[in-house]
Amino acid sequence: MFIARVVGTVVATRKAESLVGHKFLLLRQVNGEGKDTANYVVATDAVGAGEGDVVLYASGSSARQTQITHEKPCDAVVMAIIDSWEVGPKRIYDKSKA
Amino acid sequence: MFIARVVGTVVATRKAESLVGHKFLLLRQVNGEGKDTANYVVATDAVGAGEGDVVLYASGSSARQTQITHEKPCDAVVMAIIDSWEVGPKRIYDKSKA
Amino acid sequence: MFIARVVGTVVATRKAESLVGHKFLLLRQVNGEGKDTANYVVATDAVGAGEGDVVLYASGSSARQTQITHEKPCDAVVMAIIDSWEVGPKRIYDKSKA
Amino acid sequence: MFIARVVGTVVATRKAESLVGHKFLLLRQVNGEGKDTANYVVATDAVGAGEGDVVLYASGSSARQTQITHEKPCDAVVMAIIDSWEVGPKRIYDKSKA
Amino acid sequence: MFIARVVGTVVATRKAESLVGHKFLLLRQVNGEGKDTANYVVATDAVGAGEGDVVLYASGSSARQTQITHEKPCDAVVMAIIDSWEVGPKRIYDKSKA
């Protein structure tokens with residue numbers, strides 16, 4: 001999984017039938033030190049994430065292992081909202097203080 | 001999924017039997033800020049996209065989760081045509097104004 | 001899928017049993033503008049491609065969706081030989097004139 | 001598989017139901033010469049790894065081939081803790097001396 | 001598949017149960033011109049490869065399509081030992097002369 005920040009939403013009326021009702025989040029990947037990278041990805045949301053949340057997303061066939069993405073043409077899913085993470089003794093991110 | 005712009009079409013008469021009738025779109029990936037990247041990918045079309053459309057495509061086994069790509073040697077599919085997207089308060093792309 | 005040029009062949013006598021008889025093509029990836037990239041990949045051939053052909057190849061599990069690659073340890077397959085492609089009004093490649 | 005060092009843990013209370021109880025490790029990829037790369041990945045732990053351990057992780061659908069990750073939206077798993085590795089005659093890493 | 005040189009072995013006593021007995025080879029990827037790249041990967045061996053061999057490896061779910069890797073948390077497998085390869089008229093590698 002990779003860490004990312006939800007930076008926006010993507011609206012698409014015309015889409016594969018099985019995706020009707022899906023919410024597409026625009027994510028910007030964040031590295032382990034908490035810094036933005038240049039990588040963006042669009043993911044379906046399985047946990048009720050919203051703009052500003054720092055999340056984990058899974059890619060590939062693993063992205064289809066949730067109820068809402070099962071057997072759908074979706075290759076990235078937000079499967080967790082991060083509370084915090086640490087590298088050694090240093091707290092890199094803390095949602096309660098963000 | 002990634003955001004891309006449909007920039008052309010690829011014609012291939014000789015192809016795996018199961019792909020006869022498939023339309024191959026040439027996509028150029030666009031980043032979250034709406035800028036062209038150097039990455040090109042060829043995708044099958046599941047939503048009737050055409051040149052100039054800004055789309056979402058899914059890769060890998062997820063690309064086979066549509067009726068037309070099911071069990072075919074196809075690793076990228078256009079599964080949505082984007083109407084618009086925003087990053088924070090800023091509208092990056094709006095099809096109706098493009 | 002990605003566009004590539006067949007630049008050579010790879011000979012391997014000792015290989016997984018299920019791959020006996022397979023032909024391995026060395027591909028050099030070409031970008032949407034028709035320029036060689038630095039990326040090489042070795043693919044199995046499902047369409048009778050030969051040196052000099054410009055082709056499409058599929059990767060990952062999608063590479064196993066042909067008769068000759070089914071359930072084999074093969075992660076890239078040439079599934080089409082390109083006749084031509086265009087970017088906007090410009091013909092980038094035309095096999096008949098290559 | 002890739003070699004990585006466990007550099008921290010990621011806490012996420014809200015996550016896909018099937019992931020409740022999962023431990024998320026933050027990994028920093030290490031190259032074959034034992035040097036840190038800029039790549040971070042978050043993986044589920046299948047072997048009881050902890051901070052400071054140098055490990056192997058598997059990605060994609062292969063990450064779901066353990067009891068704890070089976071059919072879960074998880075695309076990376078730590079499946080081995082490295083004791084040592086060598087490049088030619090040179091021992092690059094030795095856990096007992098680390 | 002990618003071309004790589006076997007540069008070493010990785011020892012890991014503690015690993016997912018299904019991997020007991022597996023041999024992990026450290027590979028350094030080689031490009032189509034026969035030059036070392038900066039990419040290292042660890043793969044399971046399905047063909048009896050050893051240090052110094054130049055091999056092909058398959059990644060992702062395709063890496064599980066051998067008897068020894070079936071349903072295992074393994075995402076890369078050496079599935080062929082290369083005898084030789086050519087780019088156009090030029091022989092890049094010849095095992096018998098290496």
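**Close-up views of the predicted model**

At 27% relative accessibility, C:Phe2 counts as partly exposed, a class that lies between buried (under 20% relative accessible area) and exposed (over 50%), computed with a 1.4 Å probe on protein chains only. This is a predicted model, in which local features need pLDDT of at least 70, side-chain atom pairs count only at pLDDT 80 or more, and totals for chains, interfaces and linings use all residues. Residues are numbered from 1 along each chain as its sequence is written, chains are lettered from A in the order in which they are written, and side-chain values use heavy atoms, with hydrogens and water left out.

**View 1. The aromatic pair of C:Phe2 and C:Tyr57.** Over all chains the structure holds 10 aromatic pairs, where rings of Phe, Tyr and Trp (its six-membered ring) pair if their centres lie within 6.5 Å, and planes under 30 degrees apart count as stacked, over 60 as edge-to-face and the rest as tilted. One of them joins C:Phe2 and C:Tyr57, a tilted pair with 6.1 Å from centre to centre and 45° between the planes. C:Tyr57, with a relative accessible area of 5%, is buried.

**View 2. The aromatic pair of C:Trp85 and C:Tyr93.** The ring centres of C:Trp85 and C:Tyr93 lie 5.7 Å apart with the planes at 35°, so this pair is tilted. Both C:Trp85 and C:Tyr93 are buried.
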